[in-house]
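Biologist: I've got a new model on the screen and I'd like to walk through it with you. Shall we take it piece by piece?

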Amino acid sequence: VTDAVAAAIDVRRRGLSYVVEVSAVSESPARAAQMANGLSSIYLASLKEARVAASADANGWLDERLADV
């Protein structure tokens with residue numbers, strides 16, 4: 001199943017931008033849209049989690065520095 005899904009999905013960077021194009025192929029257009037949108041949602045959620053973690057780390061570091069002052 002994993003191999004079939006991986007073969008059906010294509011992810012490409014558009015030019016020199018930060019835009020990523022996600023497409024999927026399926027016999028059902030609705031299923032293709034669901035796969036592409038699902039992968040996009042997972043990717044965006046992981047980006048958000050990484051930003052939140054980086055902010056928390058930075059806040060912790062700043063709190064330590066302020067405590068020293």
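Biologist: Let's start with a single side chain: does arginine 12 count as buried or exposed?

Modeller: Keep in mind that this is a predicted model. Arginine 12 sits in strand β1. The cut-off for exposed is over 50% relative accessible area. Arginine 12 has 53% relative accessibility, so the label is exposed.

Biologist: And which residues does arginine 12 touch, not counting residues up to four places away in sequence?

Modeller: Arginine 12 belongs to strand β1, and β1 covers 9–13. With the residues up to four places away left out, the ones arginine 12 touches are Val19, Val20 and Glu21.

Biologist: How far apart are the C-alpha atoms of arginine 12 and serine 23?

Modeller: Arginine 12 is in strand β1, while serine 23 is in strand β2. Along the chain the two are 11 residues apart, and their C-alpha atoms are separated by 8.7 Å.

Biologist: Staying with serine 23, what is it in contact with once neighbours within four places in sequence are left aside?

Modeller: Serine 23 is partly exposed, with a relative accessible area of 30%. Its C-alpha is 9.6 Å from that of leucine 39, which is 16 residues away in sequence. As for contacts, leaving aside those neighbours, serine 23 has Ala8, Ile9, Asp10 and Ala36.

Biologist: Zooming out, in what order do the elements run from the N terminus?

Modeller: The protein has 2 helices and 2 strands. Starting at the N terminus, the order is α-β-β-α.

Biologist: What is the radius of gyration of the protein?

Modeller: For 69 residues the globule rule gives 11 Å, and the protein comes out well over that, so it is more spread out than a compact globule. Along its principal axes, the C-alpha trace spans about 65 × 30 × 20 Å. The radius of gyration itself is 19 Å.

Biologist: How far does helix α2 reach from its first C-alpha to its last?

Modeller: Helix α2 takes in residues 29–68, which is 40 residues. At 1.5 Å a residue you'd expect 58 Å, and the helix is close to that, at 59 Å.

Biologist: Which residues of α2 are buried?

Modeller: Of the 69 residues in the protein, 9% count as buried. The buried residues of α2 pack against α1, β1 and β2. An α-helix has 3.6 residues a turn, so residues three or four places apart point the same way. The buried ones in α2 are Ala32, Met35 and Ala36.

Biologist: What about tryptophan 61: how far is it in space from alanine 4, C-alpha to C-alpha?

Modeller: Tryptophan 61 is part of helix α2, and at 47% relative accessibility it counts as partly exposed. In sequence, tryptophan 61 and alanine 4 are 57 residues apart, and in space the gap is 44 Å.

Biologist: Last one, on charge: how far apart are the mean positions of the positive and negative charges?

Modeller: The protein exposes about 5900 Å², with carbon and sulfur atoms supplying 59% of it. There are 7 positive and 9 negative charges, and the distance between their mean positions is 8 Å.

Methods: Residues numbered from 1 in each chain as written. Predicted model: local features only at pLDDT ≥ 70, side-chain atom pairs only at ≥ 80, totals over all residues. Heavy atoms only, no water. Helix = DSSP H or I, 4+ residues; strand = E, 2+ residues; numbered from the N terminus. Rg over C-alpha atoms; globule rule 2.2 N^0.38 Å. Buried < 20%, exposed > 50% of the residue type's maximum accessible area, 1.4 Å probe, protein only. Areas by Shrake-Rupley, 256 points an atom, 1.4 Å probe, with all protein chains shown as cover. Lys, Arg positive; Asp, Glu negative; His and termini not counted. Charge placed at Lys NZ, Arg CZ, Asp CG, Glu CD. Expected span 1.5 Å × (residues − 1). Contact = heavy atoms within 4.5 Å.
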